[in-house]
2 protein chains.
Amino acid sequence: MGGDGKARLQEVDRVKRTASQRPSLADVARLAGVSTATVSRVLNDPALVRRETREAVERAVDELGYTPHFGGRALASNRTDTVGAIIPTMENAIFARGLQALQEELTAAGVTLLVSTSNYNAEQEARQINTLLSRNVDGFILIGEARDPEVYARLERRSVPFILVWSWRADCPWTCVGFDNHAAARDVAERVFEFGHRRIGMIAGVCEGNDRALARLNGVRDGLAACGAPLDPRLVVEAPYAIEAGAEAAGRLLSARPRPTAIICGNDVLAAGAMLRCREAGLRVPEDVSITGFDDIDVATLLDPQLATGAPAHPSMRHM
Amino acid sequence: MGGDGKARLQEVDRVKRTASQRPSLADVARLAGVSTATVSRVLNDPALVRRETREAVERAVDELGYTPHFGGRALASNRTDTVGAIIPTMENAIFARGLQALQEELTAAGVTLLVSTSNYNAEQEARQINTLLSRNVDGFILIGEARDPEVYARLERRSVPFILVWSWRADCPWTCVGFDNHAAARDVAERVFEFGHRRIGMIAGVCEGNDRALARLNGVRDGLAACGAPLDPRLVVEAPYAIEAGAEAAGRLLSARPRPTAIICGNDVLAAGAMLRCREAGLRVPEDVSITGFDDIDVATLLDPQLATGAPAHPSMRHM
DNA sequence: ATCTGGATTGCAAGCGCTTACATCGACTAC
DNA sequence: GTAGTCGATGTAAGCGCTTGCAATCCAGAT
């Protein structure tokens, strides 16, 4: 197994290969003096191989700087050790943060994370799912629950497992992890009411294709209705996820007469924008207007005064 | 090409397959009544195929919901239409933003972006590069220039193209895109000096393995030295990328006597933290202390007063 | 001495796709 | 009419790896 004379010859072979091409399983096998099957076993299930043999193979692997060819492996084994995640956007720190954590975890487990973004657009998400499917991902992480049944059907047909993140309902038919946005929003609304506010505005995220935004809006609506102070439709504004949009929405709410005394925002970024605009308008927060956010992202700590935020139901969610 | 009786039989075949497995090129070929080669050509270079044939194939593809098998394609063609990007962290909005843009561009071109993070850790980056190499990415996007020569050697040996982003030097031996951090920082320093500041502190990013942070620190150092007011080493603090760390660093600088009248920060996040701490310490910005940032990220707009920031040399960089 | 069974390894058949090369008509040019 | 072209398609040889199965060897049981 790699005697000296033989080793020389193989050295030559090795040099020849590494010069231009990448080494293959067969090269490793030749160098180690075993069959490709054995090398493969060392790589995938070392326990199947006698220790000496294994060590010889490992040595050869090192020496050649061998790394398995992904395509070959995927073709033969029909798995990719890859999971795909599709998030709305990386610019939302809350998703970026979650991805980061997920990725670290997966990497440690030898799985690669393939990330795509959908820009909060269902059609784009469907396309991304297709792309990832054609890349044979072994599973999916998707945000929220709202999507075309056809998409779910396709996933099931291919029997690719998936889990939904960020939304949660007791009777969700899929595997999902998250908190109950509706309940949390309702909670916020009730608390704002208890604080004495009676004229309350809301800046919601764009609800189309975004069940979280919708759940939060409805939660607030239901909460206030339950308190006997139903949300005035004229005091509801939808705004895309961006500081500037939040500011603009706040501007519209502030021009309502009588002015709302509290503004509930669908997330922290909108809240930040709203706060900015209030400040610009010369209003004091919270003396003149109260503002609440949602998500508790880092950015929020920049604000002065700090945001009151709708806390997720479970502490771990703070890291998602 | 798909007469009626034949179509029936094939329907059966089709159902059988789609029930459990995914359709293959061969299935499409059979349904369309052509060889697999032709189907492949339709998929990869439609111009090679007569229009009628092409349409028949396309119909079959739709009907079966066929998507090519990634592994098979990668194996046969030895490319993956994938580029890998390794960034320090997604939590830095500036990278997240850049990725987002890059990804949109690549997706439009039919290329998939595979993202990994290194946590500003060279060794981790090297590992990630290996992982991506073994996944046969067709190219790399890497941040900055500082890394083990061995890594560059490996990339060249494999002849995988790569480009470096975010750093730029006239005599950088690799392909790089970015702005000259050193020059920009120098510029900031000189401007701060011209503003009349003589006692100037700096909160730099962690320089180890981060050439941008180092270039900025050295730029400031050189700039001030050129003005005849060399940076006092006691007024230099390194801090990791985080608001809290910036605040803490500012705290240390503020306790120096005499207190610096200006603090130059290695990036906007550190600046945000510094500003926060100043405010907490009851100092007015910029009356009592001036603070400058770097990068011009969105977060900065939240601050009151707004940050003076070291603007990148080229407008396009604002999107990186 | 023979048999049984477990441990170790090799053999070889694919996995689904691309692509060089061969084939085949239908034209064009002489 | 014959040869040369060209466009459209098929044939089949892999790409690098995994894995079911068979072969071998050895220890212990009979």
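Start with the sheet in chain A: five strands form an open, parallel sheet in the order E2-E1-E3-E4-E5. Strands here are DSSP runs (E, at least two residues), as helices are (H or I, at least four), numbered from the N terminus. Two strands pair if DSSP finds at least two bridges between them. This is a predicted model: local features need pLDDT of at least 70, side-chain atom pairs count only at pLDDT 80 or more, and totals for chains, interfaces and linings use all residues. Residues are numbered from 1 along each chain as its sequence is written, and chains are lettered from A and ligands numbered from 1 in the order written.

Strand E2 (112-117) and strand E5 (176-177) of chain A each pair on one side only. Two bridges join E5(A) to strand E4 (residues 162-165) of chain A. Find A:Leu164: opposite stands A:Cys176 in E5(A).

Finish at DNA strand C. 26 residues surround it, the closest being A:Ala37, B:Leu25, B:Ala37, B:Gly72 and B:Ala76 (C-beta atom, placed from the backbone, within 6 Å). Select helices H3 (36-44) and H5 (70-77) in chains A and B: each gives two or more residues to this surface. H3(B) gives the most, with six residues.
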